[in-house]
Each structure stands twice: as structure tokens, then as C-alpha cells.
Amino acid sequence: MTHAMLKGSNVPLEATTVRAVLRWTPGQGIPDVDASALLLGPDDRVRSDEDFVFYNQPRHPSGKVWRLGQKRVAEGLTDTIQTDLLGVEPAVRRILLVASADGVPFDRVRDLRILLYDAAAADAEPLAYFEVKPETGEETALICGELYRRGEAWKFRALGEGYSNGLEGLATDFGISVDGSEAAQEPPAAVPPTAAHPTEPRTPAPAAPRAPEPTAPTAPVPPPPPVPPAVPAQTAATVSRPLPPEQPPGVPTQPAYGYPQRPPAAPPAYGYPQATGAPAYGYPQAPAAAGATGAPSGYGYPPPSVPPPAAPVPDPDFRLPPQGPQFIGR
């Protein structure tokens with residue numbers, strides 16, 4: 001029968017060898033959980049650093065408590081501590097079963113529980129299990145439970161007590177030397193040679209001068225032709241148009257076709273002699289000869305210089321033709 005335990009409850013153990021299995025659900029951003037054990041004497045402290053069983057010291061010198069390591073099962077990941085209760089030294093009064101998450105708070109670990117099995121019974125149901133819930137979520141190490149003596153028998157108690165300073169703080173509270181344990185857990189990383197002396201920058205050795213290699217004479221390369229300057233693209237609004245041809249110096253500007261350049265003093269008469277000073281329609285007039293008098297030229301061309309014909313003289317012998325009878329005097 002499997003006992004579902006609450007925090008602080010206990011259950012007697014009839015098995016002589018038990019496996020304490022930590023199990024959790026893995027996932028992205030979820031840390032791995034490591035199982036460890038501390039063997040405590042009557043004063044609730046370890047007798048030496050050898051009473052600390054963890055991933056860098058997976059077996060107790062007595063051979064009665066050891067770590068089996070992590071394993072993947074259908075329900076998730078597990079890490080296991082196995083104990084031969086009959087072989088544990090009488091000086092050991094309690095065995096703490098600890099979970100640590102390598103500095104990551106346990107509020108990120110899902111479905112953490114501890115299960116107790118009878119190691120002698122293969123494929124048997126667990127004797128008991130306890131859902132481990134951190135109290136604050138900031139714990140990085142948890143005492144999930146303990147195996148303790150009660151007279152000649154052993155019992156298991158569900159605890160769920162947390163430490164925010166990790167496995168180091170927990171081990172220090174029970175008498176573990178931090179220098180000895182932590183140095184063994186995390187070996188110093190190798191220092192790259194470039195970072196060993198950051199204040200002494202390395203200067204590369206000067207290379208030996210090399211004699212210039214003889215080269216065959218080559219014909220001079222003609223310079224490339226000059227590149228015409230780029231003409232900026234013209235838009236429809238900025239397209240330039242050719243200017244009108246300039247008049248040569250000294251040539252008077254021709255008047256516009258059909259209209260005088262300056263307004264006349266008086267409106268010209270229609271078709272015949274124009275007012276004085278007004279140009280003829282369409283073309284400039286020739287200048288008048290010196291001493292010439294009279295009206296200016298007429299429409300388009302100057303008038304002829306032939307004098308008008310003389311008036312005819314009446315003929316004294318002129319007679320009217322004969323009239324009709326209706327005109328004869330009666």
C-alpha cells in the first residue's frame with residue numbers, strides 16, 4: 001500500500017534497503033535536480049565531510065549509502081539515493097534526503113516529488129510518496145525528507161524545508177566544510193593564456209626585413225580616359241529649352257510681325273496716308289528724301305510721282321444727237 005504523505009507526517013519502514021527517488025517533469029528553462037544525502041550524528045551534524053554523499057562523492061565510505069544518478073523514465077527525470085538501513089553505523093541517527101537545483105529557484109521546477117521504494121522488491125509500488133512544494137519559491141535547495149531511527153526501527157518523515165543559499169548553505173548548517181565540498185564540486189576553469197596577465201599586453205616580435213624580389217620590367221600602362229561628369233537626371237518640371245539666337249551687335253532689333261514696337265501718337269487712318277511718324281503696316285518705310293514735302297506714303301507702297309491729267313476742254317461744235325419725236329417742239 002502506498003502512503004500519500006503530507007508535510008510533517010511520518011511512516012514506519014519495514015524494508016531493510018530503500019531507494020529514495022526524486023522525480024520531476026523536464027522542460028525548456030527547467031533545471032535538473034540533483035539528489036544528495038547527509039548522514040548526521042546525535043548532535044545533528046556530520047562527523048566529517050565524508051558524511052556528505054552527492055554527485056562529486058557518490059558513495060559513503062561505509063558503502064551503505066550511495067547515489068545511483070539521474071535516469072529518464074516515462075513520468076520524467078529521476079535522481080536516486082539508495083540506503084542499506086541494516087548496515088548504517090549506529091552513530092548515524094538521521095539521513096537527510098536533499099534536492100538542489102544548481103542555484104535556480106525551485107519555483108521553476110515542476111511536479112517535484114520524492115518516492116520511497118523497497119529496493120529488494122522489483123517493480124513494486126512505492127511505499128510512500130510526498131509532493132514537495134517550496135514555501136516561497138526562492139529556495140535553491142530543499143530537504144525533501146529524512147530517514148531516522150526510532151529505537152531499533154527506521155521511519156521516514158516528509159519535511160520540505162528550503163534554503164535560499166543553495167546546497168552550500170545547507171551543507172554549512174550541518175557542519176560541512178565549504179572549502180572542501182565546493183572546491184570538489186566545481187573545479188576551477190582553465191584560464192586562457194591571453195587573460196592570465198591582462199595588464200601586460202603581448203607585443204608581436206618584429207619580423208625580419210625581406211629583400212625585395214626582382215620583377216620584370218613592364219610597359220607603362222596608359223592612363224584611363226577621363227570620365228565625363230555625370231549629368232543629373234532631368235524631370236518634366238526642370239527640362240531646359242534652347243534659348244533664342246542672339247542678335248549680332250550693331251544690328252537693330254527687328255519689329256514684331258504686324259504690330260509697331262511703340263504705340264502711335266494717334267490711331268492710323270484706315271488704308272491710306274498714315275499719321276506723321278507712324279510706320280506702314282508690316283514693313284519699315286524708307287526714309288523720305290531730303291527736302292521732300294507732302295503727305296507720307298499711302299498703304300503699303302509710296303504713291304506714283306506722275307502728275308494728274310488736265311481737265312478736258314469742251315468742243316464748241318458739239319451737238320446733241322437727234323431726239324425722238326416726243327421731244328420735237330410743237
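Strands in this report are DSSP runs of E with at least two residues, numbered from the N terminus. The model described here is predicted.

D111 is not a glycine, yet its phi is positive, at about 55 degrees.

Strand β9 belongs to an open sheet of six strands. The order across the sheet is β1-β10-β9-β3-β7-β6, and the pairing is mixed. Strands β1 (3–5) and β6 (65–73) each have a single partner strand and stand at the edges, so one side of each has no neighbour in the sheet. Between neighbouring strands of the sheet the average turn is 20 degrees, with direction ignored.

At one end of that order, β1 runs parallel to strand β10 (residues 128–131), and three bridges join the two.

**Nonpolar cores**

In soluble globular proteins, nonpolar side chains tend to be buried together. In this model the largest nonpolar core has 38 residues. The members that touch the most other members are I95, L97, F106, I114, L147 and F156. Strand β3 (residues 17–25) contributes the most to this core, with four residues. Another core, of 16 residues, lies apart from the largest one and includes L40, F54, L159 and L167.

**Salt bridges**

The whole structure contains 10 salt bridges.

| Salt bridge | N to O distance |
|---|---|
| E135 and K7 | 2.3 Å |
| D44 and R94 | 3.0 Å |
| R157 and E146 | 2.4 Å |

The side chains of E135 and K7 meet in a salt bridge. E135 lies in the loop between β10 and β11 (141–150), and K7 in the loop between β1 and β2 (10–13), so this pair ties together parts that are 128 residues apart in sequence. Are these two residues exposed or partly exposed? E135 has a relative accessibility of 58% and counts as exposed. K7, at 46%, counts as partly exposed.

D44 forms a salt bridge with R94. This pair links distant parts of the chain, 50 residues apart: D44 is in the loop between β4 (34–40) and β5 (52–53), and R94 is in strand β8 (residues 94–100). D44 counts as partly exposed, because its relative accessibility of 34% lies between the limits of 20% for buried and 50% for exposed. The backbone of D44 also has a positive phi, near 60 degrees, in a residue other than glycine.

R157 forms a salt bridge with E146. Here R157 is in strand β12 (residues 153–163) and E146 is in strand β11, so the pair ties together parts that are 11 residues apart in sequence. Salt bridges that share partners join D44, R94, E146 and R157 into one network.

**Two buried loop residues**

I30 is found in the loop between β3 and β4. Its relative accessibility is 15%, and I30 therefore counts as buried, since the limit for buried is under 20%. Which residues does I30 touch, leaving aside those up to four places away in sequence? They are T25, R108, V109 and R110. The C-alpha atoms of I30 and V104 are 8.7 Å apart in space, while the two residues are 74 residues apart in sequence.

G63 lies in the loop between β5 and β6. G63 also counts as buried, at 18% relative accessibility.

Notes. Residues are numbered from 1 along each chain as its sequence is written. This is a predicted model: local features need pLDDT of at least 70, side-chain atom pairs count only at pLDDT 80 or more; totals for chains, interfaces and linings use all residues. Side-chain values use heavy atoms; hydrogens and water are left out. A nonpolar core is a set of buried Ala, Val, Leu, Ile, Met, Phe, Trp, Tyr and Cys residues joined through side-chain atoms within 4.5 Å. Buried means under 20% relative accessible area, exposed over 50%, partly exposed in between (1.4 Å probe, protein chains only). Two strands pair if DSSP finds at least two bridges between them. Axes are lines fitted to C-alpha atoms, for helices over the stretch in contact, and angles run from 0 to 180 degrees between N-to-C directions. A salt bridge is a side-chain nitrogen of Lys or Arg within 4 Å of a carboxyl oxygen of Asp or Glu. Contact means heavy atoms within 4.5 Å.
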